[in-house]
Amino acid sequence: MDMIRTRLRPPTRGAGLIEREKLDRIAGRIRQRRLVLVKAPAGYGKSSLLHRWHMALAQTPGTITGWLSLDTGLDDLRSFFSYTAAAIRESAPDFGAELQNFLESAREPTATRVASAFVNALMARQEHVVLFVDDFHLLTDKAAIRAVEMVVRDAPPNFHLVVASRQSPGFSLARLRMLGETDEIDVEELRFDADELDSFARLFGREPLAGDESERLLSATEGWAAGIQLALISLGQQEDVAPFLAKFTGEHRMVSEFLLDDVIENLTPKTVDFLLRTSILETFNSALCNEVVGIDNAEAQIAALSAQGLFIFSLDDERRWFRYHHLFSEMLQRILRDRLPAEVAELHRKASKWYETHGHMELAFSHAIRAEDWASAGQILESTCTDLFYEGKLGTLSRLASQVPSDVLNGLPRVQLELAWSIILEWRFDDATEIITRVERMLERWEANGGASEHIEDVRRIVLHRRMMLALFMDDVVELERSVLALLHDFPTDDPYLRGTLENCLIYARREMFRLDRVDQMDRAARDFFERSGSKFVLVWHEAILGPTFDLRGDTAMARKSLRSAMEIAEYVDGRATPLQAMPAMLLAEMLYETNELDEAEELISQLGPLTERLGFVDNLCSYFVTRSRLCQRRDDLEGAREAIAAGEASADYRGFSRLKRRMWLERVRMAVRAGDFTFMRAELIEAEEQLQQRLLTPGQHTIGQDEYFALGWSLMACQTGQAKAAVEVLRRWASFTGTRRAVRSEVRFLIALSSALSLAGERGEALRKMRQAVQKAAAPGYISSFLDAGAPVLGLLQELFGPEQAPTGPVSTFGVELLRMFSQSDPNALASLDTLPSHEPVEQAPPEALNDREREVLLLVSHGKANKDIARLLGMTEGTVKWYMQQVFSKLDVRRRSLAVRRARQHGLL
């Protein structure tokens, strides 16, 4: 963020400040207070008082001071705290580096996270930190006010906030008052007394008023500093003040307007013209004034106004930037509208153009709006909207866009497309589609009218990107892959944020198509782009895509690392317990459930689950509702499980998420099998036939992730309704398909289901072989719940393979024994129930999984006594690759030593 440095310095008058002894003494106790609030209407000297306190404390050893003058451009959470940190860094350059990094990287920072980062920065300091904030009433953003409240509440004792405001700060001060940690200065304490009036008069170069005159002026103004100043300016050096004071009556506004007219009448027309034309400017320097007024001597004019004390404040030490007193400026603008109504819009247009030329885009936009120059306002917003989006200022973008008439806004393609992306994240697909379609029609008109082809192509590329994002969040993986490939070949790399999202989307699409061969390369490419973009927010989404992808290929260690990293980044960016953090948390909860770490899974579901319907992918919705249902079933809370399934179905129907619908359907099938609801199962099987969904039972080139859930559910119902042989054929195809694609998590599920189906079909020996293969595949990633949730049929097969009479010989049998222990913990009566099962073929009919050609080749050389180094040389591979193949052999043969591997392979005819 480009800082306007003048906001970080107290405004100063050329005439100086007067001493106010009783108020100045308060500076001595500021370091014993959390909050000092100076509250009064305009013109009571609040800013001057804070300035004097700031000067006093800036000279105090062990104290860091910061000053921030608020204006309407700082009315959002990110801007306010960026400037707050910068204000403190004026005295302590190393303050809050982590806070600043967070503010620059977070897309949508939350009040909780910002307050936490600010408090942490304060705790790192030994000195007292005193922050002065002038015009605090201009802060209306609820999130920013909430963050300030949390800072005041939670900050360490070395932090002290001093604010000047026209109103209460927007949060309760009751607790601070009870603890004696606040000072509150109001109108009564700010009113000038006779001594201060005398000092004020001397400040303006005149002798103090006589006693009765002083009393009359104080009475007429009620000690109001602005009124007194206006009166002294109007009086000038005239001796007879009685006639002037006789006319001095009425309400503050009436008095001030009368005095202002009187002041205006005593100034030269040239000076009045300058005042009126520059009154529209929030802040100004000589160059800006020259441009707006149409003169070349603004520097001299400003110096003269400053010397006369005409409510002008210097905003920097170099006296280059200035502002008028707010009240004075408002009065000047009222006179401007009365005297020169036809010129007001043109003055704002000139100011807007100057601000735009000098990079102050929000001020440029503001003046264009005030000039009702909608075309210019639109173009300014069009040029800056992408920066606002990347900086996470979605609230600012929406607020600015709302000020532009709809007919103009609809002609701003980039603004429209940034707004579309924002609402895609909120799952408002119909609204986003409408916007994207409107922009596409706009491009067609431009093209037909001979618009600049390069500009049209740039916008069209962004349109395609938004279509891609729409496909991503709608979970249309076929369209998603098509969109990515259409963009990848010529998408520019000068926008690394957007370019990185292409790699992200391709990972997602291909994972859902069971194509995992280039995940690591795409991951590295995406990270390189995101690192260049400087965005941490996007890494949450990236890791949330990678986690399930790594899990699918059996790399649960990497999957956990990705998801825990995503949760940490989300907390850093957005705060604890937010929808952004809930997204990876639900994915992690499902993984933890699968590895039977139920307590942590339950904790994540309970704490963050309710937030997951507000943000994210279909993935985290599936994980939330499925894991919630499964946890309920483990507790035998079947009603809770049904409620979770119904809630998931409702969410799927509301948003049109077919994958979520399919996963909830599979959960209903599992519940029906558990309850023996054959009516439901037969009806579902008939419907599957009627819908011609048999294609989904045969995986192939066009298979996507949700087809897996249909195949599992159909096979489960088929086994329960006397069609075990048909189920075996379907499950064989799917087990082979997922194995070929190296989708280990899915392969394990299909092998477990296949083993159960084979057992029901009377092929017990083959069932045992497939169960051993499932255990072998599941051992390294630690998949457990897929076995436990399959119930007694799987338990019986595991008992035959790895029961007490079968001593563990390697990692597979060790994991098999662990599964039996988990079954026993899950249901202490489970093993006892197996005593009633009939005996089956001996375990010897369930040999290990066959070795592939390369594994057999390596093992054959081992049997000939060759060392790894020799094998590598003979087969043209590295020694590390030989070791990897031997690990695969050990896993398949369930042994730990080379000699045992050779013996076991020969025993089963594999060598």
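Is R553 buried, partly exposed or exposed in this structure? With a relative accessible area of 22%, R553 is partly exposed, where buried means under 20% relative accessible area, exposed over 50% and partly exposed in between, computed with a 1.4 Å probe on protein chains only. The structure is a predicted model, in which local features need pLDDT of at least 70 and side-chain atom pairs count only at pLDDT 80 or more, whereas totals for chains, interfaces and linings use all residues. Residues are numbered from 1 along each chain as its sequence is written, and side-chain values use heavy atoms, with hydrogens and water left out.

The secondary structure of the protein comprises 48 helices and seven strands, taken as DSSP runs (H or I of at least four residues for helices, E of at least two for strands) and numbered from the N terminus. The radius of gyration is 37 Å, well over the 29 Å given by the globule rule for 911 residues, so the protein is more spread out than a compact globule; this radius is taken over C-alpha atoms, and the globule rule is 2.2 Å times the number of residues to the power 0.38. Along the principal axes, the C-alpha atoms fill a box of roughly 125 × 70 × 65 Å. Among contacts with a separation of 6 or more, 71% are accounted for by residues 24 or more positions apart, a contact being defined by heavy atoms within 4.5 Å.

Strand β2 (residues 63-69) is mostly covered, since seven of its seven residues are buried. In a regular strand the side chains alternate between the two faces of the sheet. In β2, T63, T65, W67 and S69 point one way while I64, G66 and L68 point the other way, and all are buried. The strand runs parallel to β3 (residues 128-134), to which seven bridges join it; two strands are said to pair if DSSP finds at least two bridges between them. Within this pairing, W67 has F132 of β3 as its bridge partner.

A further strand, β5 (residues 182-185), contains D183, which is buried with a relative accessible area of 10%. The side chain of D183 makes a polar contact with that of R29 at 2.6 Å, a polar contact being a pair of N or O atoms within 3.5 Å, of which, within protein, one must be able to donate a hydrogen and the other to accept it, while residues adjacent in sequence count only if both atoms are side-chain atoms. When residues up to four places away in sequence are not counted, D183 touches I26, R29, R33, L35, V36 and L37.

Most residues other than glycine have a negative phi, and most peptide bonds are trans. Against this background, W427 has a positive phi, near 65°, and lies in the loop between α23 (413-424) and α24 (429-448), where W427 counts as buried at 7% relative accessibility. D475 likewise has a positive phi, near 65°, and is placed in the loop between α25 (453-474) and α26 (477-488); at 8% relative accessibility, D475 also counts as buried.

Side chains of opposite charge can pair when their charged atoms come close. A total of 64 salt bridges is found, each being a side-chain nitrogen of Lys or Arg within 4 Å of a carboxyl oxygen of Asp or Glu. One of these joins the side chains of R428 and E426 at 3.1 Å, N to O, with R428 partly exposed at 38% relative accessibility and E426 partly exposed at 42%. In helix α40 (residues 764-779), R769 and E766 lie three residues apart, about one turn of the helix, and their side chains meet in a salt bridge at 3.0 Å, N to O. R769 is partly exposed, with a relative accessible area of 29%, whereas E766 is buried at 18%. Elsewhere, salt bridges that share partners join D475, R511, E512, D619 and R659 into one network.
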